[in-house]
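This report describes selected features of one protein model. Please examine the sequence and the structure shown here before reading on.

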Amino acid sequence: MGNVIAVENGYYTLINVFRVKPEDQRRMYDVILEATDVITKFPGYVSANVHLGHDGRHVVNYAQWRSKEDFDAMRAHPDVQAHFQECRRLADIEPVFCEVAYTHSATDLVDGESA
């Protein structure tokens, strides 16, 4: 089963919006994937998703962690610092820390009505 976003999971969620120059969008994507290769080995990691803006000026990373403490431990670790520095060099970053409050999908519909 793939990534499931669900209220009942109670995961700590980070949505990073990276504003980049169009010529830097692909490099930003590559840096995020390189960082994710390292980050996935930390306790509490759940998932990461990367979205490329059609405008070429945005990269959005949606990541989930088991807890804020797990996330903070990863964030402070020396192994991730070079990746974070490269992200800051390439982009203006707007992090949003949040929790899943509601989800809905087409599979929630039965005969065109809400289940």
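The model is predicted, so local features need pLDDT of at least 70 and side-chain atom pairs pLDDT 80 or more, while totals for chains, interfaces and linings use all residues. Residues are numbered from 1 along each chain, and side-chain values use heavy atoms, without hydrogens and water.

Val60 belongs to strand 3, where a strand is a DSSP run (E) of at least two residues and a helix one (H or I) of at least four, numbered from the N terminus. Leaving aside residues up to four places away in sequence, Val60 touches Ile15, Asn16, Val17, Asn49, Val50 and His51; contact means heavy atoms within 4.5 Å.

Helix 1 buries Gln25, Met28, Val31, Ile32, Ala35, Thr36 and Ile39. Seen down the helix axis, these residues fall within an arc of 140°, so they line one face; the arc is taken from the directions from the axis to the C-beta atoms. Among the elements that cover them are strand 3 (58-65) and helix 2 (68-76).

| Class | Lining residues |
|---|---|
| Nonpolar (Ala, Val, Leu, Ile, Met, Phe, Trp, Tyr, Cys, Pro) | 16 residues |
| Polar (the others, Gly among them) | 3 residues |

Key: Buried means under 20% relative accessible area, exposed over 50%, partly exposed in between (1.4 Å probe, protein chains only).
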